[in-house]
Amino acid sequence: MASTAAGKQRIPKVAKVKNKAPAEVQITAEQLLREAKERELELLPPPPKQKITDAEELNDYKLKKRKGFEDNIRKNRTVISNWIKYAQWEESLKEVQRARSIYERALDVDHRNITLWLKYAEMEMKNRQVNHARNIWDRAITILPRVNQFWYKYTYMEEMLGNIAGCRQVFERWMEWEPEEQAWHSYINFELRYKEVDKSRTLVMVHPEVKNWIKYANFEEKHGYIALARKVFERAVEFFGEEHISENLYVAFSRFEEKQKEFERVRIIYKYALDRVPKQQAQELFKNYTVFEKRFGDRRGIEDVIVSKRRFQYEEEVKANPHNYDAWFDYLRLVESDTDADTVREVYERAIANTPPIQEKRHWRRYIYLWINYALYEELEVKDPERTRQVYQACLELIPHKKFTFAKIWLLYAQFEIRQKNLQNARRGLGTAIGKCPKNKVFKGYIELELQLREFDRCRKLYEKYLEFSPENCTTWIKFAELETILGDSDRARAIFELAIGQPRLDMPEVLWKSYIDFEIEQEEYENTRGLYKRLLQRTQHVKVWISYGQFELSIDSDDRIQRCRQIYEEANKSMQGCEEKEERLMLLESWREFEDEFGSLANKERVRKLLPEKVKKRRKITAEDGSDAGWEEYYDYIFPEDAANQPNLKLLAMAKMWKKQQNVQPAQEPFIFYLKRQMHQVFALTFSFNVTTVLQF
């Protein structure tokens, strides 16, 4: 135990830091990194140039470099870049045998390194050692037969040397491994360069894709072997069969036959393909077939095939969902363009039989256009007015008018009857619409019709019915008054306006009053206009009404127009003194100021300027939705002169502002606090509360 205690005492203790205060000069990690980066950028001086003068110095230099390379290789044999640098250095000294030995040693280390084989072969080719290069390529393609780069370079070398037989032999060895498509194309192009067409034809098709079959056929066609090209296409069709059928193959086959003027063959190919290619994949095929028939045949040639297939597709869609009206529209568009009228009528009857199951207007919007298209087809295409009338009447009987209606149908029916010169039926239809389901569009359409016919008495009656239906519609009142104005009956127009402004509910009363005022101004009834403005101001004290009133008085050509305008501005200012919307009062004063700047004297301008408010920034508390305090916000307020006179705290604020202004002009004779105390006696006699926050904020 004693020895153990003694051993513990011999263990040195960790030195404690006595002074833990921060150093005077602090060095951050960022500073250390920046200094290290700056030192990296410092350029080292280049090594001194050596000049070798004799063979002994050269041998010493070679020995030193070789020793360095050997040391690097000995340290890490797997780094191939060291071997390549070593061999390239020996090659630069024309020591080809030594470089060859280095490459062989490197291949013993890593014989699957592609770069090593390429550098080795390139060295032999640079030094014109053809047999050595062939030996290296043979070894490379034997060890790594799937590296296409070796084969490409080997064949290129043999072809450049003029050894065509050897190059072909290399290609044949390469093709035994069944490489990618580009390798086969390289072999084919090689044979074509030396006019060996038969050899190119006998190459085995290892990649039987559609594009390769097409290339094969184009090859035969290019060299004039039309029968062989056709046989290639036929073999391709048999090869793919119906399970892996391709649209591009048939398009290429048909274009080939089209070039050979075999139009019947082309038609048979297209029909055969359209019977077997899935519809969603035959868009390009259909497009090419249509172009072909337009150029070399008649349209009836494709109707039986193309239209029947598309009709079958649409039939499947409408069977799956009879209420898919978009599918019905597409189906009808197809049959309208390619079939007779009876077939089109049959499809229309089937489509309109699918009434929406719910009596809600949003479900009927698309459905109702089936009836519209049906009627337009009968009128414009078939030119059967009686059947068109039956379609419209059947549609109008089907719509549940008590719940909703479609004004478009009523108007289209009326327009159709007018085109048939049957005005009585048109009026009867629109009258029925107004009686069953009055709507704004129906009234407007009926009135427009009578206006075009110059039946003004009927227009008056329609306007009366319209206003009984919708008395709050200001636009209708205005249009009615405009009609009477055009007809020259200003008394009736004025009476209509009076009835309009007397309505208890209006959707746009400001537009109505403006139209009435404009009407009186056009009639040059200025007293009536003044009366209207006064009546309007009894209902609303809006600033725009006052400004418009002033502008009206200014626009009248009279001697006292300026005085009248100024008087209106004064009345407006008095009436808006208690207005809570200070921005509106400010707008009025700014308009008054512009008026005085143009027409007033200096005294009037100064008077208006004194009425302008002062813009002050204030703060107020914000309360959240749950009632909690949400902080403060700043806002701008306008203080008018009469408001400032009635608020003592604003008077105090003005005195403080004046004191501060005096301080900027000359040094203060006494501190502000004594000045403030002296003025407090006057303030307490005038106010009931003192806003300390305002003073502190100032």
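Buried means under 20% relative accessible area, exposed over 50%, and partly exposed in between, with a 1.4 Å probe and protein chains only. The model is predicted: local features need pLDDT of at least 70, side-chain atom pairs count only at pLDDT 80 or more, and totals for chains, interfaces and linings use all residues. Residues are numbered from 1 along each chain as its sequence is written, and side-chain values use heavy atoms, with hydrogens and water left out.

**View 1. The chain as a whole has 37 helices and two strands.** Helices (H or I, at least four residues) and strands (E, at least two) are DSSP runs, numbered from the N terminus. Of the 698 residues in the chain, 38% are buried. Contact means heavy atoms within 4.5 Å. Among contacts with a separation of 6 or more, 48% come from residues 24 or more positions apart.

**View 2. Tyrosine 152 and tryptophan 174 form an aromatic pair.** Rings of Phe, Tyr and Trp (its six-membered ring) pair if their centres lie within 6.5 Å; planes under 30 degrees apart count as stacked, over 60 as edge-to-face and the rest as tilted. The structure holds 29 aromatic pairs. In this one the ring centres are 4.8 Å apart and the planes stand at 90 degrees, so the pair is edge-to-face. Tyrosine 152 belongs to helix α8 (residues 148–160) and tryptophan 174 to helix α9 (residues 164–175), 22 residues apart, and the pair thus links distant parts of the chain. Tyrosine 152 is partly exposed, at a relative accessible area of 27%, whereas tryptophan 174 is buried, at 0%.

**View 3. Ring pairs join Tyr325, Trp364, Tyr367, Phe404 and Phe406 into a cluster.** Lysine 361 lies over the face of phenylalanine 406, 5.1 Å from the ring centre. A charge sits over a ring if NZ of Lys or CZ of Arg is within 6 Å of the ring centre and within 35 degrees of the ring normal.

**View 4. Helix α26 (residues 474–486) packs its buried residues against other helices.** The expected span is 1.5 Å times one less than the number of residues. For the 13 residues of α26 this gives 18 Å, and the end C-alpha atoms are 18 Å apart, which agrees. The buried residues of α26 include Trp477, Ile478, Phe480 and Leu483. Their partners are α24 (440–452), α25 (456–469), α27 and α28.

View 5. Thr529, Arg530, Leu532, Tyr533, Leu536 and Leu537 are the buried residues of α29. The buried residues of α29 pack against α27, α28 (509–522), α30 (543–555) and α31 (561–575).

**View 6. Arginine 494 is found in helix α27 (residues 490–501).** At 18% relative accessibility, arginine 494 counts as buried. Leaving aside residues up to four places away in sequence, arginine 494 touches Tyr516, Phe519, Glu520, Glu525 and Asn528.

**View 7. Strands β1 (residues 614–623) and β2 (residues 629–639) run antiparallel and are joined by nine bridges.** Two strands pair if DSSP finds at least two bridges between them. Valine 616 has aspartate 637 of β2 as its bridge partner. The hairpin has five residues between the strands, and glycine 627 takes a positive phi near 90 degrees. Arginine 619 lies over the face of tryptophan 632, at 4.8 Å from the ring centre.
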